[in-house]
Amino acid sequence: MEVLGFRGFKTLGTIGFSVPNGEIGSGLTVITGPNNAGKSSILEFEVPSNS
């Protein structure tokens with residue numbers, strides 16, 4: 001996923017998500033960072049509010 005111009009993402013940000021392959025723990029993507037780094041914004045960008 002690439003994010004540009006959404007909330008705090010003034011420069012292009014790229015995030016690669018894991019893909020499940022049937023093994024325990026596969027398909028898990030963890031987003032970490034300091035407060036106000038945009039972690040919640042990434043989720044709001046990816047998941048539409050009407051879902």
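**Exposure, contacts and confidence**

User: Does Arg7 count as buried or exposed?

Analyst: In this predicted model, the relative accessibility of Arg7 is 52%. The cut-off for the exposed class is over 50%. Because its value of 52% passes that cut-off, Arg7 counts as exposed.

User: Which residues does Arg7 touch, leaving aside those up to four places away in sequence?

Analyst: Arg7 is placed in the loop between β1 and β2. Its C-alpha atom is 9.5 Å from that of Ile42, a residue 35 positions apart from Arg7 in sequence. With residues up to four places away in sequence set aside, Arg7 touches Ser41 and Glu44.

User: Which class of exposure does Thr11 fall into?

Analyst: Thr11 also belongs to the loop between β1 and β2. Its relative accessibility is 61%, and the exposed class requires over 50%. Thr11 therefore counts as exposed.

User: Which residues does Thr11 touch, not counting residues up to four places away in sequence?

Analyst: The count leaves out residues up to four places away in sequence from Thr11. Under that condition, the residues touched by Thr11 are Val3 and Leu4.

User: How does Met1 count in terms of relative accessibility?

Analyst: Met1 sits in the segment before β1, the strand of residues 2–3. Its relative accessibility is 22%. Buried means under 20% and exposed means over 50%, with partly exposed in between. Because 22% lies in that intermediate range, Met1 counts as partly exposed.

User: What separation is found between the C-alpha atoms of Met1 and Ile42?

Analyst: Met1 and Ile42 are 41 residues apart along the chain.

User: In what order do the elements of the protein run from the N terminus on?

Analyst: The protein has 2 strands and 1 helix. Read from the N terminus on, the order is β-β-α.

User: What percentage of the residues of the protein count as buried?

Analyst: The protein exposes about 4300 Å², and carbon and sulfur atoms supply 54% of that area. A residue is buried when its relative accessible area is under 20%. Of the 51 residues, the share that counts as buried is 14%.

User: Which element of the protein has the lowest mean pLDDT?

Analyst: Across the protein, pLDDT averages 77, and 86% of the residues score at least 70. Among the elements, strand β2 (residues 13–14) has the highest mean, 82. The lowest mean, 73, belongs to helix α1 (residues 39–46).

Notes
Residues are numbered from 1 along each chain as its sequence is written. This is a predicted model: local features need pLDDT of at least 70, side-chain atom pairs count only at pLDDT 80 or more; totals for chains, interfaces and linings use all residues. Side-chain values use heavy atoms; hydrogens and water are left out. Helices (H or I, at least four residues) and strands (E, at least two) are DSSP runs, numbered from the N terminus. Buried means under 20% relative accessible area, exposed over 50%, partly exposed in between (1.4 Å probe, protein chains only). Accessible areas come from the Shrake-Rupley method with a 1.4 Å probe; for residues, only the protein chains shown count as cover. pLDDT is the predictor's confidence in each residue, from 0 to 100. Contact means heavy atoms within 4.5 Å.
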